[in-house]
Structure formats: C-alpha cells, structure tokens
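Curious how to read a structure you have never seen before? Let's walk through this one by asking and answering.

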Amino acid sequence: MTIPRERTDAVLVADDPRGIGATPGEPPVDPVRRPPRPTRQKVAKVPWRLALRRDGALYLMALLPLLFLLVFRYLPMVGNVIAFRRFRPGGSIFGEEWVGLRYVRMFIEDPTFWHVFTNTVILGGLTLLVCFPLPIILALLLNEVRTKWFKGAVQSISYLPHFLSIVIVAGMVMQLTSLQGTVNQIVEGFGGEAIPFLQRPEWFRAIYVGSEAWQTVGWGTILYLAALTTVDSSLYEAARIDGANRWRQTWHVTLPGIRPTMITLLILNIGLFLNVGFEKVLLLYTPLTYSTADVISTYLYRVGLVSNNLSYAAAIGLFQAVIGLVMVLSANFISKRVVGASLW
Amino acid sequence: MVSTDLTPRVDERAGVPVGPRDSRGYRLFTGLNATALVLVTLLILYPFVTLLAQSFSSSGAIKAGLVNAVPVGFNLETYRVVAGDDRFWTSYGNTVLYTVVGTVIAMVLTTTFAYAISKPHLRGRNALIGIAVFTMFFNGGIIPNYVLISSLGMKNTMWALVLPGALSVFNLLVMKSFFENIPRELEEAAQIDGLGWFAIFTRIVLPLSKAVIATMILFYSVAYWNDWFTAFLYLDEDNLFPLSLFLRNLIAGATTTTAASAAAAGTTSAAISANIQAVTMILAILPILCVYPFVQRHFVSGVMLGSVKG
C-alpha cells in the first residue's frame, strides 16, 4: 500500500522522467518548470544479443526490482478484472466467470455511491482551495525574513508535521477537538457550549481541511522557496529605482518570478484532487459523520473489506483510479498547452 | 558529483540595500511579518505542546478540561504505566523490526534498479523507466492488493507490511538522477581496469553516493515507521501489531491497555485513555523528533533533488 502523502511528492518528480535536466553546474533553475531540453543524442541501438552480453550484470540488477513491480504493482492492476467477474474468496485472484458490467451498473445505480462521490469532490475541492495558497503565502513571508536563524527555525518547525504518522495527527485532532480539548475551552471561554466536533457532520470538513493545512503548509513551501531564490535580484533594484515599495516589488517582481511553479503545482493538485486522504478520513470519521465525511475510498473499503463484496468494491476502485489517471493526464495536457510546462 | 545540499538559500535578498524612502514602512512591515511568522510557528507547535502537557498531567485534570500548554497535576505515573505494558514494548519492537527489514529490502531494490536505468546506453532503458513511472499514476487499488496479498499467504506475516511498499518510484527517480551525475570517467577508468558493472556499482558508485543513500534510508524508514493502514488491513494478531496500529487501537478505543494498568492509573476507561494516548503518542514520535534536527536538511534536499532533476 503506498503511503498517500508520498503521492504529492511523487508527482513533482515526474517532471522530466527521462532525467534530461539541468546539469549540476548550472545555477538553480526554477525547480518545477522544465529547463530547456538539450538536443538529445541519438544512441545507436545495439542488437539485443550484444546488449545482453555487455550489460548482462545491469539487466540482472534490474531483474529483482522489475519482478517486484510486476508482482506488487502490475498484478493488482490486472486484478481489477474482478470488477467484471464473479469473485469467490479463496478462489482465483482474477475471479471465476465474467459478469459483464453488472458491478459497474450496480454503483451507477447506487445512491450512496453518488453521495460519497459528491463528498469526495467537495472535500478535495476545499482542501485544494485552502492548502494550495497557504504555502505560497508562508513562503513569501519567509522570503522577506533577513534574520537567518529565525528563518531557519520557522522552516524547521513548519516541516515537522510532515513527518508524523497519520495516526498521530488524528490523535492530536481528537484531543484538541474533544469536549475537554483546547478548542472547546476557547469556545466555553467565549460563553459558548462545548461541541463534540467529531460527532457533528457540519464540522467534519473544517476539521479535515484544517488538519491537512497544519500538516502540509510548511513542507509545501520548499519548492516555492527554491523558486524564490532564483528571482533575479537586479529586478528588485530596478523596481526600487522606479519607486516601487515593498508590496509593489512583491506584486510585480516576486510573484511573476514564481508563477510557473505556482501554475504547475496548481494543475498538478487539480489532477490529484480526488485522492483525498483516505487514511485520515478513516481515522477521523464515525457513522455519525458519514453524511459529510464518507468518501469514495472509505466507502469502497467498507463495501469490499468489511462487507466482503470485493467485486463491487473493485469496480468502484477502478472507476476512481481511471478518473484519477484521466485527470492527471488532462491536467498535464492543459499545462503543456497553457504554460508550456508539463510533467513528462 | 552533485551536492545534495540544495536547501533553499537563506537570505537571498539581504544584499539589496534598503532605500531610505521605504525604511519606516519597511521596519513596520518587518515587525508585522515576524509577528505573523511567530504566530504560525506557535500554531504549528501547539498540538505538540499540548500533547506533552497532557502526558505529564493527571487524568483528573485532563477530564476537567484544565490542561492546555502546561501540565496540571504533574506526574510521571502515566509514563510508568505505559512503560510497564508488555504490549507497548512488543509493538515498539515490531515497528523497529519492520522498519529495518523494510528499509533494507527497499534500499536494495531502489539502488540496483536506479543504477541500471541510470545508464543511458542500456537497451530497453526507456521501457524500464516507463514501467516504473506508470505505477505512480495508476495503481491497482485497495481491493486487488488485498486479494493478492491474501492469496500469496502473506496475511499475518511481516511480509505483508514490508514488501508492498518496498519500492517508491519517487525515491527511485531521485536515486537515478543522482547516479546519472556521477562523472562517467570514474566508471570508465574502472572498466578499463577490468571491473564489471556490479563491482563498479558496489565499489565505486555506492561509496560516492553516501549522501543520497542516507536521504533515501530516511525517507523509507519514516514511511515504514509511520505506516499503520497496511498493518490494519493484513494483521489480526496482537503480537504482530506495529506501534502505529497499537496506537490507533488505543485512540479508537478498540483496545484499552491492560486492566492492571487501568487500575494503576486509578481511573477508568475514558480518562485513562487521554493520558495514556498522549504518552504513547509522545513515545511514538520521539525517535523522529530525536533524529529530525540532524536529518531535516537531507529530507529537504531529497525533495529538491527529485524535483530539479527528476
């Protein structure tokens, strides 16, 4: 099972997977925008027999990892055929016999599915809306700091939540929002009545997005801070001579300087926004909050692994994965067209 | 060789002289900015602080809603209770075991594969890269994975936790781009000396890559240390649980600690959990907190290396 937080990181790296990037000697370029592609040298193809003899050891080294990918990544992909086949526990992992689109029809006609689909879109959209701009703002603020130790301390502390287990984060959320927790003490301090936040569906989204922001804001600044260091400092001087104050310098020099990074990350996040944090929802929701908290992945988890309806759950999972793939591909396509930056 | 220290440079704009015209406004701005950042930092730190405070507080004080940033009714009793619970130590040991085994396997797979695909002349290289990269954008999903792991007979074994996460394509690409930047001449010289690819890899390339290897080890071990869902999915036996799952059950109230420890804390279920939860969480974060100051730079540079070079 991949760890979801990695996904956001993972996609950033997809920038130029062939590894034709800037050479190390060059000044740091904008970390997300693809550097100008150097002309590629055509390597003459060697016949396979020769290649195997010359690079046999390299192929041997690649063998085990390749086997790993085939078994633990590609086999499950193929295993999705059980979305179209009857599955018998203990039987073949590819199911018993074809049932066609039965399970697909089942979820399309399932009102709960559309309910969790809506929840997923709302939760993903809110997360994007809040968690995308925050790192930019924090990075801009940090960029104005001139006291080294202070900047370093703020950075170190703000990265810290990124390394915590979701279980810990969920535990912290539960303690803070419990009836005796700090949040309720503040509420009571203002004369309100303590609210059992995690049992109230109307609060779930705020809690989820808030904890997500808490965990990601610091780590998210890394790429922006790197982009900020590449903004040409003579531009600031020129702006200053033109009489631009601090704010106008930020508006006219800094922001345009990191615009490519912003756009690329935005498009990326849009492409990924259906992947709301399954594990966090699973830890934080209760049957009382299903009406707002239940998302596609938690629903399919319950259908498949709690109620043991594996084929039906696989159909939902496949649907989600395909939508995700389509969204990433189209986000990349749009990005390529609009800003000339793409992931691959 | 590329330096892994790509931490964003600090104080880039310090060289820009402050014009006399905006100096007053600028001072005001600096003050506001610093205040805002201090507030953000406090907000980020607060959950940690309150957790720490709760771990030292008496359960009565927590129940009465008195504990915020400072412990009330300071005592170490809860730590003693948790430390006296065998299941806590079993799960701690399990986590260490899974983290070490998982990281070793992951490092072997990642470094060997990365080295192979870092060679531009390798025939079939693009296909190999494509096979790896595609898995970043499309994965089988929970259900087929579950079916696979079950049918491989890995349920209730360590392998269910250790193997599925053993190759992160993100880490693979970071590693590959690092290897690509090792000067070719070094390897060519070794080749002339009659060394094979494998010897070059172990004797020349790996020793040159200590920094990036350290970063990768950190990435993998944090991922294994923090993972709970895989364990939740595939383990039924208490004595195999990693710390994260033990903690999750504690928080979810699925298990309370032993009756003896409840009696020792002198209270019953709900309140004892708040205490014991806090202590267990602190003890679970502790290793990360201890190494964090020393490795934080490497984490950051790992991300940078990945995104700059891909």
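This is a predicted model: local features need pLDDT of at least 70, side-chain atom pairs count only at pLDDT 80 or more; totals for chains, interfaces and linings use all residues.

Residues are numbered from 1 along each chain as its sequence is written, while chains are lettered from A and ligands numbered from 1 in the order in which they are written.

Q: How many helices and strands does chain A have?
A: Helices (H or I, at least four residues) and strands (E, at least two) are DSSP runs, numbered from the N terminus. On that basis, the secondary structure of chain A comes to 15 helices and 0 strands.

Q: What percentage of the 344 residues in chain A is buried?
A: Here, buried means that 20 or more other C-beta atoms lie within 10 Å of a residue's own, exposed means 12 or fewer, and partly exposed is in between, with C-beta atoms placed from the backbone. For the 344 residues in chain A, the buried share is 43%.

Q: How many residues of chain B are in contact with chain A?
A: Two residues are in contact if their C-beta atoms, placed from the backbone, lie within 7 Å. Chain A brings 102 residues to this meeting, and their partners in chain B number 105.

Q: Which helix gives the most to the side of chain A that touches chain B?
A: By class, that side of chain A has 66 nonpolar, 20 polar and 16 charged residues. (Ala, Val, Leu, Ile, Met, Phe, Trp, Tyr, Cys and Pro count as nonpolar, Asp, Glu, Lys and Arg as charged, and the others, Gly among them, as polar.) The most comes, with 18 residues, from α2(A).

Q: How far does helix α4 of chain A reach from its first C-alpha to its last?
A: The expected span of a helix is 1.5 Å times one less than its number of residues. Helix α4 of chain A (residues 111–131) has 21 residues, for which 30 Å is expected, and its reach is close to that, at 30 Å.

Q: How wide an arc do the buried residues of α4(A) cover around the axis?
A: The buried residues of α4(A) are A:F113, A:V116, A:F117, A:N119, A:T120, A:L123, A:G124, A:T127 and A:C131. The arc is that of the directions from the helix axis to the C-beta atoms. These residues sit on the same side of α4(A), because the arc they cover is only 165°.

Q: Which exposed residues does the face of α4(A) turned away from its buried side carry?
A: The buried residues of α4(A) pack against several helices of chain A, including α9 (201–229) and α15 (310–339). The face turned away from that buried side carries the exposed residues A:P111, A:W114 and A:L129.

Q: How many of the 10 residues of helix α6 of chain B are buried?
A: Helix α6 of chain B (residues 142–151) is mostly covered. What covers its buried residues includes α2 (48–79), α14 and α15 of chain A, together with α7 (159–162) and α12 (229–234) of chain B. Among the buried residues are B:I142, B:Y146 and B:I149, and the count is 7 of 10.

Q: Are α4(B) and α13(B) parallel or oblique to each other?
A: Axes are lines fitted to C-alpha atoms, for helices over the stretch in contact, and angles run from 0 to 180 degrees between N-to-C directions. The axes of α4 (residues 86–117) and α13 (residues 243–252) of chain B come within 7 Å and cross at roughly 140°. Angles under 35 degrees count as roughly parallel, over 145 as roughly antiparallel, 65 to 115 as roughly perpendicular and the rest as oblique. The two helices α4(B) and α13(B) are therefore oblique.

Q: Which residues of α13(B) meet α4(B)?
A: Helix α13(B) is largely enclosed by the rest of the structure, because 8 of its 10 residues are buried. On the α4(B) side, the partners are B:R87, B:F88, B:S91, B:Y92 and B:T95, and on the α13(B) side they are B:L243, B:S244 and B:F246.

Q: Is A:N308 buried or exposed?
A: Most residues other than glycine have a negative phi. A:N308 is not a glycine, yet has a positive phi of about 60°, and lies in the loop between α14 and α15 of chain A. Because 11 other C-beta atoms lie within 10 Å, A:N308 is exposed.
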